[in-house]
Amino acid sequence: MKIIPIVFASDENFIMQTGVCIYSLLLSCGQDVQYDIHIITTSKEKFESFEGYVQLKKNPHCYSLNFIEANNSFSDSYEVRDITKATYFRLLIPELLPKYDKIIYSDVDIIFKCSLNEIFDNIDLNDYYVAGVRSYIEDKVDYNYGKELGCMDSDYINAGFIILNCEKIREDQIDLKWLELSKRKFLYQDQDIINLSCDMRKYILPVKYNFTQQYYKALTTHIFNDYNNVCENELKEAMCDGVIHYTGVKPWNSLCLGFEDWWYIYRQSPFFNINYYHDYVSSMVSMRKLSLKGRIKLFIKYFYDIR
């Protein structure tokens, strides 16, 4: 049995969403794979008392599920765009999990549609600190963002799903550099820190391993530009069999591209709550920007799919 270590960072505001994310991970798992799951949080007791996590631990693909209390290393770190300090917890991974030389980190606003064993086993990170998918580039401003940040390369990655070479990070003391950089006011916080500190040592993953809303929009509108070196077939594969990352608007708050995938997983998960689901559907049906046809389809789907 192959055991893959993976880490999530969360707080009390995303207990349910974290659980849904992990449920999708286990649901899409390969036959001979188990995940060693770690959640770094400042709300350990609240997570442990949530019944859904008891059920997740019983899943045959869950090797273990551990809650790690975050220290106060980032208590003075910069917050922006309503993103809490929990976003910095991924920078603690090499320190908090010293037994692993290589480990996956994932945000919790994600749904997994594929197993991660292939990408985890097959990439060689010997000369790299981190592996990730290039952030979608809208225009020339986006294209130059990494360079203006101070990066020597143009491979600015999205840090929502990354594979860390913890052995090399510890060896070269990159994690200590992260702590120092966390005191500065970066627009994209820890993501900027990772890109800047791992400059020229970033391994680029296929887009299917971090299919953000920007890539989703490009696929659905068929509007492509010369900045992003991806083809339509790659994006189609990512949408059907990838790691779906809800950057920006969250599906549990409002309508967004692929929102139905999140709710499909939620309805199956041990975190399902009929009242929460009913309130969401009612709010969507009453939304003025949703067409009458759209409201009817959503209403029918609600009663047809409800368990």
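**View 1. Met-1 sits out in the open.** Met-1 comes out as exposed, at a relative accessible area of 65% (exposed is over 50%, buried under 20%, partly exposed in between, using a 1.4 Å probe and protein chains only). This is a predicted model, where local features need pLDDT of at least 70, side-chain atom pairs count only at pLDDT 80 or more, and totals for chains, interfaces and linings use all residues. Numbering runs from 1 along each chain as its sequence is written, and side-chain values use heavy atoms, with hydrogens and water left out.

**View 2. Who Met-1 touches.** Leaving aside residues up to four places away in sequence, Met-1 touches Gln-31, Asp-32, Val-33 and Gln-34 (contact means heavy atoms within 4.5 Å).

**View 3. A nonpolar patch on the surface.** Met-1 teams up with Ile-3 and Tyr-63 in this patch, for about 330 Å² of accessible area together. Patch members have over 30% relative accessible area and no salt bridge, and nonpolar side chains are joined within 5 Å; a salt bridge would be a Lys or Arg side-chain nitrogen within 4 Å of an Asp or Glu carboxyl oxygen.

**View 4. An open sheet, S5-S10-S9.** Its 3 strands show mixed pairing, with S5 (110–112) and S9 (211–212) at the edges, each pairing on one side only. Pairing takes at least two DSSP bridges; S5 and S10 (residues 243–245) run antiparallel over 3 bridges. Ile-110 stands opposite His-245 in S10.

How values were computed
Patch = residues over 30% accessible without salt bridge, like charges linked within 9 Å, V, L, I, M, F, W, Y side chains within 5 Å. Areas by Shrake-Rupley, 256 points an atom, 1.4 Å probe, with all protein chains shown as cover. Helix = DSSP H or I, 4+ residues; strand = E, 2+ residues; numbered from the N terminus.
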